[in-house]
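Colleague: I would like to learn how to read a few local features from a structure. Could we go through some cases together?

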Amino acid sequence: MELRFTRTNGEIDTLIDTLMEKAGTIHHPALIREMIISALKSGQETSYPADLKLLNNTMKEMRYTTNVFAPYRNSRKVTIFGSARTEPQEPIYQTCVRFSRKLADKGYMIITGGGPGIMQAGNEGAGSDRSFAVNIRLPFEQMPNPVMLQNPRLINYKYFFNRKVAFVKESNAIAVFPGGFGTLDEAMEVFTLIQTGKTSPKPLVLIDDNDGYWDRWFDFVTSCILGKGFISAEDFSIFTITRDEDEAVRVIEEFYRNYHSLRFFEERLIIRLNKELSKEQIDELENEFPELRRPGTRISCCPPLPEEADEPDLLKLPRISLQFDHQHYGLLIAFIRKINMF
């Protein structure tokens with residue numbers, strides 16, 4: 001029998017409904033039904049056990065991730081990337097400790113990879129009670145650090161891609177310290193996700209050491225990547241480079257000064273705010289950022305859309321709406337920074 005996601009499976013649909021009823025307290029049963037259908041279709045279509053194991057382990061890892069983070073959904077979080085080989089006596093380690101401690105003092109929670117080096121510094125500064133560790137199982141380097149070893153917010157992953165989802169999906173900001181291939185891989189992933197709109201806009205801060213690690217990276221980006229036209233000048237709005245942990249904290253804090261969050265509904269972009277904008281301020285945004293809007297459209301204040309009813313705690317926030325072109329995501333970051341100046 002060929003299973004379909006529409007309710008055309010006869011007895012199978014009835015059995016799935018009965019199964020969910022027997023399980024009790026199933027949230028969003030239509031979505032859970034599709035997940036069950038997906039699992040059954042995988043069993044029909046895939047005979048190679050390694051593929052089925054990957055699907056199974058991915059589902060289990062992501063379910064557990066959601067379960068761990070769910071109680072902290074309303075807490076702002078900052079993900080910290082950096083080398084596992086940074087020693088505690090190094091100045092950049094101590095910079096990370098101070099940085100994460102200052103964020104924790106302002107109410108943020110910290111997400112790290114849970115290993116040694118910069119990851120341990122991030123957890124150490126924030127303290128175990130305000131930390132998450134999304135650890136990867138490796139044959140070397142990546143045992144959980146002592147700060148997080150017995151922490152209930154320690155998650156151990158088999159797959160890097162699940163771990164990366166947790167790093168970005170659960171964070172409100174990303175801070176990247178100097179590191180090796182893994183750190184650069186994580187940082188470039190975030191660049192790509194923000195540049196392409198595959199994650200919500202968020203501050204990305206590159207915290208430099210005294211040797212100018214990120215300064216030299218910036219020279220390469222400017223001369224080679226921008227110089228060859230592989231990125232646009234507006235993509236430089238995506239990140240900030242600093243050696244000052246106070247400035248790094250300030251960049252994160254100011255990003256949410258008035259901007260709260262956003263949501264797309266087809267071509268319509270809804271930006272939720274902490275305080276309402278005046279007509280004059282909206283006019284200023286229109287004049288300064290015409291490229292963001294589809295030709296002939298305007299920026300306007302608007303009430304919550306019916307589709308936003310699934311986020312009831314955000315319905316009271318003021319909003320602006322525009323027909324976004326889905327191209328200038330770097331410019332969208334600059335647009336948000338402008339909103340925060342009002």
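Colleague: Is threonine 25 buried or exposed?

Modeller: This is a predicted model, and the values are computed from it. A residue counts as exposed when its relative accessible area is over 50%. Threonine 25 has 71%, so it is exposed. Threonine 25 sits in the loop that joins helix 1 (11-23) to helix 2 (29-45).

Colleague: What is the phi of threonine 25?

Modeller: The general idea is that most residues other than glycine have a negative phi. Threonine 25 is not a glycine, yet its phi is positive, near 50°.

Colleague: Now a strand. Why does arginine 272 count as buried?

Modeller: Buried means under 20% relative accessible area. Arginine 272 counts as buried because its relative accessibility is 3%. Arginine 272 is part of strand 9, which runs over residues 268-273.

Colleague: Which side chain makes a polar contact with the side chain of arginine 272?

Modeller: That of glutamate 311, at 3.1 Å. Leaving aside residues up to four places away in sequence, arginine 272 touches several others, among them Tyr259, His260, Glu308, Leu314 and Pro318. Glu311 is also in that set of contacts.

Notes: Residues are numbered from 1 along each chain as its sequence is written. This is a predicted model: local features need pLDDT of at least 70, side-chain atom pairs count only at pLDDT 80 or more; totals for chains, interfaces and linings use all residues. Side-chain values use heavy atoms; hydrogens and water are left out. Helices (H or I, at least four residues) and strands (E, at least two) are DSSP runs, numbered from the N terminus. Buried means under 20% relative accessible area, exposed over 50%, partly exposed in between (1.4 Å probe, protein chains only). A polar contact is a pair of N or O atoms within 3.5 Å; within protein, one must be able to donate a hydrogen and the other to accept it, and residues adjacent in sequence count only if both atoms are side-chain atoms. Contact means heavy atoms within 4.5 Å.
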